[in-house]
Amino acid sequence: LVCISEKEGKQLGKNGVVAVESTNLAASGISQWKLQNKAVRELFEKYPVLEAAFNEMAHEVIRTAAWGLMWRVGTGSVLSVIDVITDIYVILNFRAGGAGQKVYYLAM
């Protein structure tokens, strides 16, 4: 545990994120991370409170992850509908002809 460099520590942290993201349960992700890394096992054996803390952090990450996805999907859907409405408006004005048709034609 003492022999871990900063670079290796960063890699351990990245592995922990991947382990948590790959499961639906925070405890499963942390257990998987612990089984894959000897240094993490040693850390949790030396300081048992850290395992509980990491479990709570992982739980919060999993709990909030779906909302981020829903926000991105919802925003994308709204923007897509607005794009369709503006496209229809431009097409209808172009088809209507008249003096404005040249402006719409040049804009395309």
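Colleague: Is N37 buried or exposed, and what is its relative accessible area?

Modeller: This is a predicted model, in which local features need pLDDT of at least 70 and side-chain atom pairs pLDDT 80 or more, whereas totals for chains, interfaces and linings use all residues. Residues are numbered from 1 along each chain as its sequence is written, and side-chain values use heavy atoms, without hydrogens or water. N37 lies in the loop that joins α2 (26–36) to α3 (38–46), where a helix is a DSSP run of H or I of at least four residues and a strand a run of E of at least two, numbered from the N terminus. Since buried means under 20% relative accessible area, exposed over 50% and partly exposed in between (1.4 Å probe, protein chains only), N37 is buried, at 9%.

Colleague: Which residues are in contact with N37, leaving aside its neighbours within four places in sequence?

Modeller: A contact requires heavy atoms within 4.5 Å. With the neighbours up to four places along the sequence set aside, the contacts of N37 are L12 and N15.

Colleague: Where do the buried residues of α2 fall, seen down its axis?

Modeller: The buried set in α2 consists of A26, G29, I30 and W33. Taking the directions from the helix axis to the C-beta atoms, these residues fall within an arc of 95°, so what they line is one face of the helix.

Colleague: Which residues of α2 do L12, N15, G16, A19 and V20 meet?

Modeller: L12 and N15, the contacts of N37, are among the α1 residues that take part here. Together with G16, A19 and V20, they meet, on the α2 side, G29, I30, Q32 and W33.

Colleague: Which exposed residues does α3 carry on the face turned away from its buried side?

Modeller: The buried residues of α3 are A39, V40 and F44. Seen down the axis, they fall within an arc of 130°, so they line one face of the helix. The face turned away from that buried side carries K38, E45 and K46.

Colleague: Which residues of α3 make the contact with α2?

Modeller: The axes of α2 and α3 come within 5 Å and cross at roughly 115°, so the two helices are roughly perpendicular. On the α2 side, the contact is made by I30, W33, K34, L35 and Q36. On the α3 side, it is made by K38, V40, R41 and F44.

Colleague: How far apart are the C-alpha atoms of T23 and I62?

Modeller: T23 sits in the loop between α1 and α2 and is buried, with a relative accessible area of 18%. Apart from residues up to four places away, T23 touches S28, G29, Q32 and I62. I62 is 39 residues from T23 along the chain, yet the C-alpha separation is 8.8 Å.

Colleague: What share of the contacts in the protein comes from residues 24 or more positions apart?

Modeller: The protein has five helices and zero strands, in the order α-α-α-α-α from the N terminus. Of its 108 residues, 13% are buried. Among contacts with a separation of 6 or more, the share from residues 24 or more positions apart is 37%.

Methods. Axes fitted to C-alpha atoms, helices over the stretch in contact; angles between N-to-C directions. Parallel < 35°, antiparallel > 145°, perpendicular 65-115°, else oblique.
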